[in-house]
Amino acid sequence: MYQEPIFLSPEFKERIWGGTKLRDLFHYNIPSDETGECWGISGHANGPNRIINGPLAGKTLNQAWDSHRELFADEQGDEFPLLVKILDSKKDLSVQVHPDDTYAREIEGENYGKTECWYVIDCEEESEIIFGHYAKSKDELTAMVRDGQWNQLLRRIPVQPGDFFYVPSGTIHAIGEGIQILETQQSSDITYRVYDYDRVRADGQKRELHLDRSLDVTKVPHKDPEVVRDSYLEAGLRFEKLVEEKYFTVHHWDLDGKSNELYPNKYTLISVLTGEGVVTIDSKDYSFKKGDHFIIPATINNYTVSGRAKMITSRSNK
C-alpha cells in the first residue's frame with residue numbers, strides 16, 4: 001500500500017472576508033471571488049480532501065485514516081489529527097478564540113480543540129494581525145468586551161512575508177486584511193467570534209457572536225508563547241524548525257537542488273508554497289508544483305526531493 005506520495009485535491013471555503021488571491025497566487029480553480037480558505041490537507045468532516053493518485057484514488061483522507069492506518073504509522077485516534085489551510089483575507093477576519101481539547105469535548109462534543117500556527121506567505125504593506133489582548137484579569141476582559149472597548153483591548157502587530165506565529169488555544173486573534181497565510185492546526189472547526197466589526201451578510205443579518213464561550217476559554221492575561229526559529233542544513237536541504245509542541249511540529253523547507261535521502265518521521269504533510277520539483281522513491285519520480293499538497297506516508301522507507309521550491313511541512317506529535 002503506497003510506495004508513492006499521497007496527493008490531495010484541495011477543498012475551498014467561501015467566506016465573507018475572502019478574495020481571489022488563492023487563484024491569483026496559486027492558480028486554484030476557486031468557486032467565487034469571495035474564497036477565503038483552501039483546505040489542503042484535511043480529514044475533517046466539514047471538508048475532507050479526496051486522494052487523487054494510487055490505490056485509494058477517489059477516497060477521502062478520513063476514509064484512508066479509518067481503513068489504512070498503516071499509512072499513518074498506526075497512530076491512535078478517531079480522526080486525522082491535523083488540518084493544513086491556506087487563507088486569503090481580502091478583508092479582516094472576525095476577532096475570535098478557540099477552545100482547548102477539554103472544553104471542546106465537554107461543551108461541543110468534539111475530539112479536538114484548536115491550537116494553530118501561521119506562516120505569512122504574502123501581505124500588503126502595513127498589514128497587521130490581532131494577537132492577544134491587554135486585559136489584566138477576567139473581570140477586566142469581560143467588562144471591555146461587553147462595553148465594546150476594542151481599541152483599548154486588542155493587541156495589533158504588523159506583519160511581513162516570512163513571519164510566523166504560534167497561536168495556542170485560548171488566544172484572542174484575527175488575521176487582518178491583505179494577508180495570505182498557511183495555517184497548520186489541530187483538526188477542529190470550532191470558532192468563537194468575539195467581535196465582527198458589525199458586518200452584515202448578504203441577507204442583511206450580522207454573523208453570530210459567541211461572547212459567553214469566548215470569555216470562558218480566553219486566557220488572561222495574554223502571554224506571547226516563546227517561538228525559537230532554528231535554521232540548519234540537513235541531507236542537502238535547508239530546514240527551519242518553526243515550532244515543535246504538543247500537537248505538531250512544523251518546518252519550512254528551502255529546496256535548491258537535490259536532497260540526500262530523507263526518512264519520514266511517522267508520516268509527513270507537505271504544502272508547496274513556491275516553485276516545483278520531484279519526489280523520488282525507489283527510482284520513480286513524482287512531480288509537484290506550487291499549490292500542491294501531499295503526504296509522505298509511513299509505508300515509505302526513504303525518499304529524496306529535487307528542484308527549486310519552498311514548502312511548509314508538518315507532522316503529528318500524538
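# A tour from an exposed loop to the sheet

Select Asp 198 first: this residue is exposed, with a relative accessible area of 52%. The model is predicted. Asp 198 sits in the loop between E13 and H6. Check its backbone: phi is positive, about 60°, although the residue is not a glycine. Most residues other than glycine have a negative phi.

Go to Ser 283. It lies in the loop between strand E17 (268–281) and strand E18 (284–289). Is Ser 283 buried or exposed? Ser 283 is exposed, at a relative accessible area of 73%.

Now pick Val 220 and Pro 221. The peptide bond between them is cis, with omega near -10°. Most peptide bonds are trans. Pro 221 belongs to the loop between H6 and strand E14 (230–234).

**The whole chain**

Zoom out. The protein chain has six helices and 20 strands. Its radius of gyration is 20 Å, close to the 20 Å that the globule rule gives for 318 residues, so the chain is as compact as a globular protein of that length. Along the principal axes, the C-alpha trace spans about 65 × 40 × 40 Å. The accessible area comes to about 14100 Å², and 42% of it belongs to carbon and sulfur atoms. Of the 318 residues, 57% count as buried. Look at the contacts between residues at least 6 apart in sequence: 73% of them join residues at least 24 apart.

**Helix H4**

Select residues 138–146, which make up helix H4. Which residues are buried here? Leu 141, Met 144 and Val 145 are buried. Look down the axis of H4: its buried residues fall within an arc of 100°, so they line one face of the helix. Next, show what they pack against. The partners are strand E8 (128–133), helix H5 (150–153), strand E13 (192–195) and helix H6 (211–217). Step just past the end of H4 to Gly 148, where phi is positive at about 65°.

**The six-stranded sheet**

Colour the strands E2, E3, E5, E12, E7 and E10. In the order E2-E3-E5-E12-E7-E10 they form an open sheet with antiparallel pairing. Strand E2 (11–19) and strand E10 (164–167) stand at the edges, each with a single partner strand, so one side of each lacks a neighbour in the sheet. Neighbouring strands are turned by 25° against each other on average, direction ignored.

Leu 82, Val 84, Ile 86 and Asp 88 point one way. Leu 83, Lys 85, Leu 87 and Ser 89 point the other way.

Follow the pairing of E5 in both directions. Strand E3 (residues 35–41) joins E5 through four bridges, and the two run antiparallel.

E7 (residues 116–123) and E12 (residues 179–186) run antiparallel and are joined by seven bridges. What is the bridge partner of Asp 122 in E12? The partner is Gln 180.

Key. Residues are numbered from 1 along each chain as its sequence is written. This is a predicted model: local features need pLDDT of at least 70, side-chain atom pairs count only at pLDDT 80 or more; totals for chains, interfaces and linings use all residues. Side-chain values use heavy atoms; hydrogens and water are left out. Two strands pair if DSSP finds at least two bridges between them. Axes are lines fitted to C-alpha atoms, for helices over the stretch in contact, and angles run from 0 to 180 degrees between N-to-C directions. Buried means under 20% relative accessible area, exposed over 50%, partly exposed in between (1.4 Å probe, protein chains only). The radius of gyration is taken over C-alpha atoms; the globule rule is 2.2 Å times the number of residues to the power 0.38. Contact means heavy atoms within 4.5 Å. Accessible areas come from the Shrake-Rupley method with a 1.4 Å probe; for residues, only the protein chains shown count as cover. The arc is that of the directions from the helix axis to the C-beta atoms.
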